[in-house]
Structure formats: structure tokens, C-alpha cells
Amino acid sequence: MKHPSKQSILVRHTGFFLHQGNRRGRPPVFSLVFAQVLPAIALVALLFSSCDRTRMDKGYEYFPDMAHSPAYKTYSDNPAMDDGNTMRKPVAGTIPRDMVPYPYEAGFEGREQAAMHLDNPLNINSDLLAEGQELYRVFCANCHGIKGDGLGNLHTSGKYIIPPTSLISPEAMNYKPGEVYHVITTGWGVMGAHGSLIRPDDRWKIIAFIENMIQEK
Ligand code: HEC
């Protein structure tokens, strides 16, 4: 029996993929198909098939403790706390740094005190009035109207049925700046408090705009 040469053993073992085409006299394109094109197609198919999930599916989780944090979320229930909430209330009697608490109670009395003790601390100039106009349009005009006549689009569209006070009536012309500051901060009657929405300086800018541009005092 003729011993196969080393080379032909190699050919027998790897030949199916690499050399069969040649050995059987087929054109080399077959070897190319088996050795390179098919694996390339398979790879591309794999890459594309790994993207066919929906966008809502976050796919494989390599670090599951990031997706499912062991820490309690701010608004979640918390069995470790007496009141069962994760979110804590500030300690009674504390205030945020730099915050000056508003000293007057909502209502007539507080309004009188505010009228007496508070006045606009800002220097009024055209830049400040422009800012005041912007803020007035964001926070007040929907109800009180761009011109301050009480005909804001929330009211005229019928969505807000209580007529907002006209800011250009004879009585409104006599409001003291501190009074308006009080109304914005604590609310008045059916008008809600805006103290948590508008910063103190911005309240004074709005007041300056109302007095100088709408009421044209
Ligand atoms: C959601 C609608 C609404 C918004 C927004 C609103 N107000 Fe009012 N405001 C009212 C209504 C309604 C009243 C009448 C309240 C009442 O008499 O019970 C009123 C009353 C007032 C009064 C008069 C209080 C009085 O003596 O009768 C002033 C001043 C005033 N608002 C200023 C403002 C300013 C300044 C802003 C913006 C920072 C503002 N309001 C935003 C609805 C609104």
C-alpha cells in the first residue's frame, strides 16, 4: 500500500473547505465560497439578526445591578422607614440655604403688612422691564390678559370661568407694590399662590412691569 504523503494527509483533513474544489478539478471559486463568502454572510446575518428587537426592549443585561438598582428609588415605598416612604421631609424648622422665608400669612392681614413693609428693591430700567414683560406673559397673562384687562385667553376661551381681576381698574391702580407681591406669593381668593413658582426677584420684575408698562403710573 502506498503511504500517503504528509501533504496529502493535510489535504484530506482540511481539503473539504479549502482544497476540495481544486482536488476534484472544480474551479477555485468553490474554495472561495466555502472559505470566505459563506462565513462573511453568516457574520452579517448574525449582526443584523441581533438588532431585530423592538426599541422598547433593552436587550441583554450585562450589568443587571445597573438596570435593577438595589437602592430604593426616590418615590418608592420603603419598608425600612416608619412612614413607609423613601423620600424624607426636611427636618422641621429648617430652611434651604439662602432662602428667606416669607413672613406674612395669606389673607387680608398679611396683605396689609406686606403693603406697609415691602417695596421693590430692584433698580428699574428698560432691561428689567423687558424681563418683567416676559415673566408676566409666562405667569400672569393667561388669566389677567396681555394688557392686564382681565381678559386672558384661559378666561375668554371659557376654560377658566372665574373672571380674573382687571389690573388696570381704578382700584388696581392703587395697589401698593408690596400688596401685589403678597398676592403673587401667597395667592388671593381663588387665585393660587405663585410663591413656589416665581423667584422673589422675578416677582418684583413682574410688579415693575405691571406698574410701569400696563398701568403706566
Ligand atoms: C389661573 C389664573 C390666574 C393667574 C395665572 C394669575 N391670576 Fe391673579 N387673579 C386671578 C383671579 C381669578 C383673581 C381674583 C381672585 C379673587 O378675587 O378671588 C386674581 C386676582 C389678582 C389680583 C388682585 C387681588 C385683589 O385685590 O383682588 C392681583 C394683583 C393679581 N391677581 C396679580 C396676578 C399676577 C401678578 C399674576 C402673575 C404672577 C397672576 N395674578 C396670575 C387669576 C389668576
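Analyst: Here is a quick tour, from the overall fold down to single residues. Keep in mind that this is a predicted model.

User: Fine. How many helices and strands does the protein chain have?

Analyst: The protein chain has 11 helices and 0 strands. Read from the N terminus, its elements run α-α-α-α-α-α-α-α-α-α-α.

User: What share of the residues count as buried?

Analyst: The figure is 16% of the 217 residues in the protein chain.

User: And how much of the contact count comes from residues 24 or more positions apart?

Analyst: They account for 48% of the contacts with a separation of 6 or more.

User: Let's talk helix packing. At what angle do α6 and α11 cross?

Analyst: Roughly 100°. Helix α6 covers residues 126–139 and helix α11 covers residues 200–214, and their axes come within 7 Å. Angles of 65 to 115 degrees count as roughly perpendicular, so α6 and α11 are roughly perpendicular to each other.

User: Which residues make that contact?

Analyst: From α6, they include L128, L129, L135, Y136 and F139. From α11, they include I206, A208, F209, I210 and M213. By type, the contact of α6 with α11 has 10 nonpolar, 3 polar and 3 charged residues.

User: New topic, the ligand. Which residues come nearest?

Analyst: C140, C143, P164, G189 and M191, out of 19 residues around the ligand. Two elements give two or more residues to that shell: α7 (141–144) and α10 (177–186).

User: How does the shell divide into nonpolar, polar and charged?

Analyst: There are 14 nonpolar residues, 5 polar and no charged.

User: You listed G189. Where is it found?

Analyst: G189 is in the loop between α10 and α11.

User: Is G189 buried or exposed, and why?

Analyst: G189 counts as exposed, because it has 8 C-beta neighbours inside 10 Å. The cut-off for exposed is 12 or fewer.

User: How far apart are G189 and G107?

Analyst: In space, 8.3 Å from C-alpha to C-alpha. In sequence, G189 and G107 are 82 residues apart.

User: One last thing, D98. What is its phi?

Analyst: Phi of D98 is near 70°. That is a positive value in a residue other than glycine.

User: And where does D98 lie?

Analyst: D98 sits in the loop between α4 (64–67) and α5 (108–117). D98 is exposed, since 5 other C-beta atoms lie within 10 Å.

Terms used
Residues are numbered from 1 along each chain as its sequence is written. This is a predicted model: local features need pLDDT of at least 70, side-chain atom pairs count only at pLDDT 80 or more; totals for chains, interfaces and linings use all residues. Axes are lines fitted to C-alpha atoms, for helices over the stretch in contact, and angles run from 0 to 180 degrees between N-to-C directions. Helices (H or I, at least four residues) and strands (E, at least two) are DSSP runs, numbered from the N terminus. Angles under 35 degrees count as roughly parallel, over 145 as roughly antiparallel, 65 to 115 as roughly perpendicular and the rest as oblique. Two residues are in contact if their C-beta atoms, placed from the backbone, lie within 7 Å. Ala, Val, Leu, Ile, Met, Phe, Trp, Tyr, Cys and Pro count as nonpolar, Asp, Glu, Lys and Arg as charged, and the others, Gly among them, as polar. A residue is near a molecule or strand if its C-beta atom, placed from the backbone, lies within 6 Å of it. A residue is buried if 20 or more other C-beta atoms lie within 10 Å of its own, exposed if 12 or fewer, and partly exposed in between; C-beta atoms are placed from the backbone.
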